[in-house]
Amino acid sequence: MALLTDFEQLLERENIREQVCALIPAVHLMRDLGASLPRVDSFGGARDRILNYLQRFPATAIAGDEIGVVSGISEYARRVRELRVEMGWPIFSGTTAKEMIQQEHYAGNGQHELDKGLLETIEAMVVDDYILLGDQDRDAAHRWNLANSVRKQKTSVRDRLLSYLRQNVGIPVTGEELRYVAKGATEWARRTRELRTELGWPVSTRNSGRPDLPVGIYVLEADRQLPEHDRVISDPIRVTVLERDKFSCQRCGWNPGNMMPGDPRTLLELHHIEHHVDGGENVADNLITLCNVHHDELHRLGINGNAALSEWLASD
């Protein structure tokens, strides 16, 4: 105990190494004890013990030291990464989870709400905490190989993120994958949000048009960029319009919960009632929720203004 409480003073003594070495058996004993705690017959290795422990406490912040104890090894962080990269378990570090929450502006109330308890848990996480936020994705290993290739491109963070998303159109990817593509750059979440809000790429999250998605999942719904005049709608305005329109197309009633194979309707978009190019503002009263099919149809018909829109909405 003195070694732990008076380490600075003891460090000046010549016999300090002898004392440290004397503690090694105790460290091994503690690791063996920890490794025996989540004992299940089929879970013998360090990686399996970590997974078993995280599955017992899903959506709960688990400290790195805690995982170190149950794994029984010092290189537990490497095993956590293997679970994420090679086996597709959505395990988020405290750093990634907090960056994701900060950029998506999850609220404690409303249709897009993140469970208040989970929101508070993530906000309280520290760097070496971990949290399991979903089920295994067996295709993740292939995507991680792809992410490794994109990561090596000598382009900007935003361009690498877009490149990765365009190679996974319609496929849910995790915030950890995007952070990896960004080479750990802290702006990965902000750059991803900019792809949607400033450059018009239809990147959906639980908080922006796809309340059915789990927390921490991003989907590029289609490999296309919205016209210039449809860009730069702020997230608060976007959420207000989606909630007012009950997350449904105002022409046909479609919403992401009705998604079916072969149905060309894949996402919700916001349309300017008075076109932006004609001076229409990015305000809730000038925006309406449409599915991608009817949004395209409306532009194809050249409908502009409230009267023409009302007539079109009322038509068969």
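A59 counts as partly exposed, with 34% relative accessibility; here buried means under 20% relative accessible area, exposed over 50%, and partly exposed in between (1.4 Å probe, protein chains only). Before we go on, a word on conventions. This is a predicted model, in which local features need pLDDT of at least 70 and side-chain atom pairs count only at pLDDT 80 or more, while totals for chains, interfaces and linings use all residues. Residues are numbered from 1 along each chain as its sequence is written, and side-chain values use heavy atoms, with hydrogens and water left out.

**Exercise 1. Backbone angles**

Step 1: Helices (H or I, at least four residues) and strands (E, at least two) are DSSP runs, numbered from the N terminus.

Step 2: For background, most residues other than glycine have a negative phi.

Step 3: Now try F247, whose phi is also positive, near 50°. F247 belongs to the loop between α13 (235-244) and β7 (268-272). Its relative accessible area is 3%, so F247 is buried.

**Exercise 2. A sheet**

Work out the strand order of the open sheet of three strands, and say which strands stand at its edges.

Step 1: The order is β4-β6-β5, with antiparallel pairing. Two strands pair if DSSP finds at least two bridges between them.

Step 2: β4 (173-174) and β5 (203-204) are the edge strands; each has a single partner strand, so one side of each is left without a neighbour in the sheet.

**Exercise 3. Nonpolar cores**

Which residues have the most contacts inside the largest nonpolar core?

Step 1: A nonpolar core is a set of buried Ala, Val, Leu, Ile, Met, Phe, Trp, Tyr and Cys residues joined through side-chain atoms within 4.5 Å. The largest one has 35 residues, and Y164 and L178 have the most contacts inside it.

Step 2: Elements that each supply at least two residues of this core include α9 (140-151), α10 (157-166), α11 (175-181) and β6.

Step 3: Pick L178 and list its contacts (heavy atoms within 4.5 Å). Leaving out residues up to four places away in sequence, L178 touches L161, Y164, L165, V173, W188, T192 and Y218.

Step 4: Another core, of 18 residues, lies apart from this one; W254, L268, I273 and C291 are among its members.

**Exercise 4. Salt bridges**

How many salt bridges does a search of the whole structure find?

Step 1: Count a side-chain nitrogen of Lys or Arg within 4 Å of a carboxyl oxygen of Asp or Glu. The search gives 16 salt bridges.

Step 2: Take E99 and R179, whose side chains meet at 2.9 Å, N to O. E99 is in helix α7 and R179 in helix α11, so this pair ties together parts 80 residues apart in sequence. E99 is buried at 10%, and R179 is buried at 16%.

Step 3: Compare E194 and R158, with closest N and O atoms 3.1 Å apart. This pair links helix α12 to helix α10, 36 residues apart. E194 is buried at 8%, whereas R158 is partly exposed at 27%.

Step 4: Finish with the network: salt bridges that share partners join R47, E75, R78, R79, E82 and E86.
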